[in-house]
Amino acid sequence: MKSNKLLKSLRYFLLAVFLILITIEAYLHQLLGGSKSPSIHALCPYGALESLYSLIFGGTFIQKIFSGTLILLIITLLIALIFRKSFCGLICPFGALQEFFGIIGKKIFKTRLTVPSNIDKPLRYLKYIVLAITLYFAWKTAGLWMNPYDPWAAYGHISEGISSLTGEYLIAFIILIVTIIGSLLYDRFFCKYLCPMGAFYGIISRISPAKIVRNNDTCINCGLCSKNCPVNIKVSELKEIKSAECINCQTCILSCPEKNALEFKIKNKSVKPVFILSFVILLFFGGIGITKLTGIYQDTPPKISLETTTASGTKTSEIKINPEEIKGYMTLQEVSEAFKVDLNELYKKLNIPNSIPKDTKLKDIKNFIADFKVEKAREALK
Ligand code: SF4
Ligand code: SF4
């Protein structure tokens with residue numbers, strides 16, 4: 001059907017827009033710094049989940065996470081409650097990256113790999129283990145514990161250059177490369193086996209009243225729905241699809257040649273794919289837009305404003321950057337200027353010898369002092 005093809009293209013278009021937007025944001029973050037452009041962590045709902053313990057019991061977000069990240073989590077939770085894992089199927093830029101490499105892979109290899117179900121099934125539980133482990137350590141350490149292993153974080157730091165990808169993000173970069181190569185041959189490789197956010201939405205989707213229903217009377221058993229499902233659900237053999245694996249991409253419904261053989265239903269009301277796409281996008285951007293307008297959405301650190309009184313009694317205020325904004329690529333000179341702290345004083349605070357050149361990047365100080373960490377610099381300057 002022509003309209004179905006159009007909707008499939010619209011979905012790819014939206015995924016491409018999300019991926020391009022976030023890629024530009026990540027580049028701007030590296031270029032302009034955290035005060036002007038949000039980090040990839042601040043734009044990922046999983047960061048808010050990692051910050052939840054700290055927020056509930058300490059009243060603060062962990063580093064790089066802000067109210068905007070929490071708002072993204074709340075919006076996507078709402079989406080999962082109503083439209084199941086639609087965030088994964090219609091919005092997630094990392095899912096999009098995998099799908100686009102999947103399209104390239106299909107063109108090159110003309111086929112897709114399938115993993116035997118006795119291997120595939122147990123492997124699907126891996127993402128729940130990843131969810132439990134990463135949340136446990138994030139909550140315990142009150143930090144983005146997953147960062148060095150997070151392929152999405154590595155993707156966000158590509159513009160920082162090879163030194164970052166082979167240094168701080170080496171493991172994450174390897175996982176990113178494996179994911180991309182895997183996606184050339186196999187659909188949604190990371191989503192199926194490793195994504196903790198997908199695992200979380202999957203758990204939430206189990207309590208959603210929505211499901212896909214196959215009508216036995218109109219189905220002609222052509223198998224196109226099963227063939228096109230990116231997460232390999234055997235749609236044509238089921239009566240209802242309520243699996244936590246379903247990313248509600250609508251591909252099965254849009255691939256079906258028979259009218260109403262497959263329907264997305266909330267309770268018993270049928271909802272057409274075009275409305276699902278529209279509602280999800282509206283909920284996502286509407287939620288962000290409203291909270292931005294009301295000023296509660298924040299995805300960059302607040303500036304620290306200091307008031308000083310001059311000898312004549314006049315009050316002046318100066319703006320310093322927040323220690324959270326210190327980046328590994330900043331030089332000692334840049335940190336000294338940003339914090340309005342004397343260079344010698346900075347060396348003392350960081351407990352490093354003056355012999356280290358002032359144009360040394362923080363992340364390169366470890367070449368002089370093996371155990372130096374950027375984290376320590378942030379702590380010292382708080
Ligand atoms: S069952 Fe349908 S909606 Fe769910 S992931 Fe497969 S193709 Fe997408
Ligand atoms: S694509 Fe439609 S007609 Fe074909 S097997 Fe699936 S539900 Fe039945």
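## Ligand 1 shell

In this predicted model, the shell around ligand 1 divides into 10 nonpolar, 3 polar and no charged residues. Here Ala, Val, Leu, Ile, Met, Phe, Trp, Tyr, Cys and Pro count as nonpolar, Asp, Glu, Lys and Arg as charged, and the others, Gly among them, as polar. The 13 residues surrounding ligand 1 have Cys229, Cys246, Ile247, Cys249 and Cys252 as the closest; a residue is near a molecule if one of its heavy atoms lies within 4 Å of it.

## Ligand 2 shell

Around ligand 2 are Arg214, Cys219, Ile220, Asn221, Cys222, Gly223, Cys225, Ser236, Cys256, Pro257 and Leu262. This shell divides into 7 nonpolar, 3 polar and 1 charged.

## Sheet

An open sheet holds 4 strands in the order β2-β1-β3-β4, with antiparallel pairing. Its edge strands, each pairing on one side only, are β2 (240–241) and β4 (269–271). Strands are DSSP runs (E, at least two residues), as helices are (H or I, at least four), numbered from the N terminus; two strands pair if DSSP finds at least two bridges between them.

Strand β1 (residues 210–214) pairs with strand β3 (residues 262–266) over 5 bridges in the antiparallel sense. Arg214 has Leu262 in β3 as its bridge partner, and both Arg214 and Leu262 are among the residues around ligand 2.

## Annotated segments

An unreviewed UniProt entry lists residues 12–32, 52–83, 125–146, 166–186 and 274–297 as "transmembrane region"; such annotations may be inferred rather than shown by experiment. Residues 125–146 are 73% helix and 0% strand, with end C-alpha atoms 18 Å apart. For residues 166–186 the chain is 76% helix and 0% strand, and the end C-alpha atoms are 26 Å apart.

## Conventions

Residues are numbered from 1 along each chain as its sequence is written, chains are lettered from A and ligands numbered from 1 in the order in which they are written. Local features need pLDDT of at least 70, side-chain atom pairs count only at pLDDT 80 or more, totals for chains, interfaces and linings use all residues, and side-chain values use heavy atoms, leaving out hydrogens and water.
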